[in-house]
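Morning, everyone. Please bring up the sequence and the model on your screens. I will go through it one part at a time.

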Amino acid sequence: MIRFIISTSIAFLIGGSALADPAALYAENCAACHGADRLGGTGPALIPETLKRLRGPALDTVIAEGRAATQMPGFADALDAGARAELAAYLKTPVAEVPPWGPEQITASLSWNPDYAAATQPVFSADPLNLFLVVETGDHHVSVLDGDTFEVLDRFATPFAVHGGPKFTPDGRFVFIMSRDGWVQKYDLWSLAEVGRLRAGLNSRNIAISKDGKHLAVANYLPNTLTILSTADLTVEKVFEVVGKEGVPSRVSAVYQAPTRDSFIAALKDVPEIWEIATDPEAEPVYEGFIHSREKGMVEAIASSEGLFARRRIVISEPLDDFFFDPAYRHLVGAARDGARGVIVNLNVGREIADLPLPGMPHLGSGISWLRDGKRVMATPHLREGVLSVIDIEDWQVTDRIETLGPGFFLRSHENTPYLWSDVFFGPNRDAMHVIDKQTLEIVRTLRPQPGATVAHVEFDRDGEHALVSVWEDDGAVIVYDARTLEEVRRLPMRKPSGKYNIWNKITFSEGTSH
Ligand code: DHE
């Protein structure tokens, strides 16, 4: 039987039945907004690297019904179920060719907010260092909350699909926000206004800001690069082509700031290397090769780079990602590919020093540390097991395992609270939030603020007096708890609030939060 689809020019016959040519369907229906190359336009990129990471309705449902709170219309009337399925399958195949995306293209993507005027002092009376940013992924906005009164001071649109934590300049004045399509948005927290945005990659993972706040690193999957921008004017300072020692290109899983080392640390996805990039203009030379010097009659070490952005390779036995750093940034723990071990790398000597048994896919990037009986410990959730592992990070030993009601995603605490908060992100108990005593490791309370709804991710205010919890649903909320009594204080309606970020805790590297 011949299936009718919107345009005969995009149907062809195979074995007596009409099939849609998905590339032509795409060109006719999608390219105007999402780009002829599928890498984005006014709409987001439609490539597997982005699509498979998005939680929410299946792709063919979005094609049929559109996406709420965006300009994406439904195509149920225009495309029949078969054509929609073909199109969805096509969007899940990698693009044939990744166009160049270097300094020229990044610079050309820059747009400034024409209405932006830099304020000389905050345009509000709230404590400017106790603000929260709440990323609302339901409709791609960020709310700026006063951390004392919990009033919303501003709500602004972000690029589509923000991922990872926004990064603040050390004075707390500006914040940078990144989307999975590689857009970086600069926002002024005194003026409560966007400054501008540009596309630093085609598919990106996260961003990190340098210790002095002058440089922003963007970790990219597509292309295989690490982009470094000037935070002042968003100019491109450097684009590292990410290629391992043996010449193999690699995606960058993530990049982090190492404040005590004045550097960025980048996790490479496809080659067994970690890169350290100096953000100190006086950085020591990095030696990567040797030559035989005839003049001196000896083998001489060759400095490959020095000063700002000097790049050091730490060669490891297998690619690691999802890093936790000890507070001194002397060691990192990364997740091994088998999902059962954490590998400890000493960053000073540049080698692996130990393995930790962490079965059930540890989510080390969500780890937090604190002092327990005078010893520094860390805890990490596991993505495939309802357990938190507690690790003594002076001896690098797993000391305890705390059973939870299901696998968790995020952990949080604060210097001024005796508790750590752990969500249950997956499974039937995803509406539960455990509050755990940091000394006894006992679960003291399990909160269920909205039965049946996913409850996740916590952030404290600057004094650790209140804990903000997300009801991670489209008609969700941020719930403010008294961090001592564990009673609910306020409930603020929000559109799928994912992460919440307190400026003070971020810029002071509070020990209970992410960095
Ligand atoms: Fe994330 C942070 C990686 C899936 C929400 N996530 C991070 C960071 C990394 C990371 C490396 C730290 C970046 C930073 O803040 O600078 N995330 C990954 C993955 O590898 C993974 C498992 C799959 C993927 O490829 O993306 C993944 N992450 C998700 C989601 O599905 C989540 C729940 C929803 C979403 O937005 O996509 C999600 N990730 C978050 C959030 C943070 C984050 C909210 C910031 C946490 C914080 O408190 O700092």
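First, a definition: buried means under 20% relative accessible area, exposed means over 50%, and partly exposed is in between, with a 1.4 Å probe and protein chains only. Glu488 is partly exposed, at a relative accessible area of 37%. Arg491 is partly exposed too, at 34%.

Now the ground rules. This is a predicted model, where local features need pLDDT of at least 70, side-chain atom pairs count only at pLDDT 80 or more, and totals for chains, interfaces and linings use all residues. Residues are numbered from 1 along each chain as its sequence is written, and side-chain values use heavy atoms, with hydrogens and water left out.

Back to our pair. Glu488 and Arg491 form a salt bridge, 2.9 Å from N to O. That term means a side-chain nitrogen of Lys or Arg within 4 Å of a carboxyl oxygen of Asp or Glu. How many salt bridges does a search of the whole structure find? It finds 25.

Take Arg462 and Asp127. Their closest N and O atoms are 2.9 Å apart. Arg462 is partly exposed, at 23%. Asp127 is partly exposed as well, at 24%.

Next, Glu273 and Arg313. Again there is a salt bridge, with the closest N and O atoms 2.9 Å apart. Glu273 is in strand β17 (residues 273-278) and Arg313 in strand β20 (residues 311-315), so the pair joins parts 40 residues apart in sequence. Are these two buried or exposed? Both Glu273 and Arg313 are buried.

There is also a network. Salt bridges link Glu136, Asp139, Arg155, Asp474 and Arg495.

Now look at Arg205, in strand β11 (residues 203-209). Arg205 is buried, yet has no salt bridge. Which side chain of opposite charge is nearest to Arg205? That is Asp321, 6.0 Å away. For charge, Lys and Arg count as positive and Asp and Glu as negative, while His and the chain ends are not counted.

The ligand's iron atom has a single donor from the protein: NE2 of His163, 2.2 Å away. Donors are N, O and S atoms within 2.8 Å of the metal (3.2 Å for Na, K and Ca), and water is not among the atoms, so sites may look incomplete. His163 is in the loop between β6 (152-157) and β7 (167-168).

Next, helix α5, residues 81-91. Its buried residues are Ala83, Arg84, Leu87, Ala88 and Leu91. Why are they on the same side of α5? Because they cover an arc of only 135° around the axis, taken from the directions from the helix axis to the C-beta atoms.

Last, the rings. The whole structure has 16 aromatic pairs. Phe323 and Phe325 have ring centres 6.1 Å apart and planes at 90°, so they are edge-to-face. Rings of Phe, Tyr and Trp (its six-membered ring) pair if their centres lie within 6.5 Å; planes under 30 degrees apart are stacked, over 60 edge-to-face, and the rest tilted. Both Phe323 and Phe325 are buried. Elsewhere, ring pairs link Phe409, Phe410, Phe425, Phe426 and Trp472 into a cluster.

Conventions:
Helix = DSSP H or I, 4+ residues; strand = E, 2+ residues; numbered from the N terminus.
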